[in-house]
Amino acid sequence: MAMSQCDVIDFSALERELQVAVESERRHQRENDAKLRAVCQRASYDQFRDLVLACHMKPLEKKDKDGALRKQPWNPVAPSNK
């Protein structure tokens, strides 16, 4: 019995689809957690919305703010003072 093109599994496509599904689930979970925190805090609608929109952000660590060199300048268009 010969194998047709329809029977061939595209593993790279399956992996991409899995990665998209995993990231979608992570995003859903982050947003849901943020919504629950906002409700517990009795946030206003604007605060609720801001908490959900910013839920993907992570707090800075001490090494990120104390004397560490920045890889990306805040305003790459502005002339350097060096």
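User: Is Leu14 buried, partly exposed or exposed?

Analyst: This is a predicted model, where local features need pLDDT of at least 70, side-chain atom pairs count only at pLDDT 80 or more, and totals for chains, interfaces and linings use all residues. Residues are numbered from 1 along each chain as its sequence is written, and side-chain values use heavy atoms, without hydrogens and water. Buried means under 20% relative accessible area, exposed over 50%, partly exposed in between (1.4 Å probe, protein chains only). Leu14 has a relative accessible area of 44%, so Leu14 is partly exposed.

User: Where does Leu14 sit?

Analyst: Helices are DSSP runs of H or I, at least four residues, numbered from the N terminus. Leu14 lies in helix α1, residues 11–40.

User: Which residue forms a salt bridge with Arg30?

Analyst: A salt bridge puts a side-chain nitrogen of Lys or Arg within 4 Å of a carboxyl oxygen of Asp or Glu. Arg30 is partly exposed at 30% relative accessible area. The closest N and O atoms are 3.8 Å apart, and the partner is Glu23.

User: What is the N to O distance between Arg27 and Glu31?

Analyst: Both residues lie in helix α1, four residues apart, about one turn. An α-helix has 3.6 residues a turn, so residues three or four places apart point the same way. The side chains of Arg27 and Glu31 meet in a salt bridge at 3.0 Å.

Technical notes. Helix = DSSP H or I, 4+ residues; strand = E, 2+ residues; numbered from the N terminus.
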